[in-house]
Amino acid sequence: MFPMLRRTNSDKLSGIYNTMRTCLMIPLLGMLVCYYPAKVILSAWLPQYADSLVYMALLFPMCVFESKMSMLIETYMKTLRKEKWLLLVNVTTVSLSVVITLITTYWLHNLDLAVASIVFLLAFRCVFAELLLSTVLDVNVKTDIVLELALTIVFIGASWFVGGIAGLAIYAAAYLVYLFIKRNDVAFVLNTALRMVRRA
């Protein structure tokens with residue numbers, strides 16, 4: 001994707017970013033549903049690790065934020081020659097992680113909070129970087145960020161505190177609400193993809 005963006009006119013980067021963001025985030029958030037059957041299968045296959053598999057509820061959202069960061073945000077920052085911003089984001093996140101690790105492990109001695117802090121730090125890094133990037137691209141991503149964070153919180157809450165079919169139903173309902181809110185963006189991406197297929 002990086003070579004393609006480097007050859008693209010700067011005035012088109014914003015529109016491409018919004019389209020690629022929709023194409024990436026909707027499947028990623030939808031893939032969180034796979035946690036529920038994966039946990040059932042792994043618990044049956046590896047019953048001795050059943051207790052530790054509960055932490056998958058906290059670790060699954062890491063894939064969402066890391067994929068978005070590496071596939072989209074970092075690529076755009078490199079395209080726009082904003083490596084210094086990327087360094088700022090990483091240094092800030094590392095500094096924050098040191099503080100949070102000291103609090104959760106050495107002071108509170110809480111493993112659950114320590115694992116949850118990993119998700120928080122990755123989310124912070126992703127949001128911080130995207131907000132910086134949005135100032136250059138002149139795109140409004142605040143609403144999308146809030147929706148994605150809310151959906152992630154619903155997933156963690158439903159998986160950690162509820163679980164099972166009920167947890168799956170709660171997250172699936174929240175995801176359908178998200179799709180309804182994003183229906184115009186989804187329709188635009190689908191129509192664009194159909195036009196590209198027809199031209200091919």
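Predicted model: local features only at pLDDT ≥ 70, side-chain atom pairs only at ≥ 80, totals over all residues.
Residues are numbered from 1 along each chain as its sequence is written, and side-chain values use heavy atoms, with hydrogens and water left out.

## Overall fold

The chain has nine helices and zero strands, where helices (H or I, at least four residues) and strands (E, at least two) are DSSP runs numbered from the N terminus. Its C-alpha atoms fill a box of roughly 55 × 40 × 30 Å along the principal axes. Of the 200 residues, 39% are buried, a term that stands for under 20% relative accessible area, with exposed meaning over 50% and partly exposed in between (1.4 Å probe, protein chains only). Among contacts (heavy atoms within 4.5 Å) with a separation of 6 or more, 79% join residues 24 or more positions apart.

## The nonpolar core

In soluble globular proteins, nonpolar side chains tend to be buried together. A nonpolar core is here a set of buried Ala, Val, Leu, Ile, Met, Phe, Trp, Tyr and Cys residues joined through side-chain atoms within 4.5 Å. The largest such core holds 48 residues, of which Tyr17, Leu29, Ile73, Tyr76, Tyr171 and Tyr178 touch the most other members. Two or more residues each come from α2 (13–31), α3 (35–45), α4 (56–79), α5 (83–107), α6 (111–137), α7 (142–162) and α8 (164–181). Leaving aside neighbours within four places in sequence, Tyr178 is in contact with Met25, Ile26, Leu29, Leu147, Glu148 and Leu151.

Ile145, in helix α7, has a relative accessible area of 6% and is therefore buried. Beyond its neighbours within four places in sequence, Ile145 is in contact with Arg21, Val127, Glu130 and Leu131; the C-alpha atoms of Ile145 and Val127 are 7.1 Å apart, although 18 residues separate them along the chain.

## The largest pocket

On a 1 Å grid over the protein atoms alone, a pocket is an open set of points where a 1.4 Å probe fits, with protein on both sides within 12 Å along at least five of seven lines, and lining residues have an atom within 4 Å of a point. The largest pocket has a volume of about 210 Å³, the volume being the space filled by probe spheres set on the points. Its lining has 13 residues, and Ala116, Val119, Phe120, Ala123 and Ile156 lie nearest its centre. Helices α4, α6 and α7 each give two or more residues to this lining, and α6 gives the most, with six.

## Single residues

| Side chain | Backbone oxygen | Distance |
|---|---|---|
| Thr75 | Ser70 | 3.5 Å |
| Ser117 | Ala114 | 2.5 Å |

Thr75 is found in helix α4 and is buried because its relative accessibility is 11%, while Ser117 lies in helix α6 and is buried at 10%.

Most residues other than glycine have a negative phi. Arg81, in the loop between α4 and α5, has a positive phi near 60° and is exposed at 55% relative accessibility. His109, in the loop between α5 and α6, has a positive phi of about 55° and is exposed at 62%.

Key
Polar contact = N/O pair within 3.5 Å; in protein donor to acceptor, adjacent residues only side chain to side chain.
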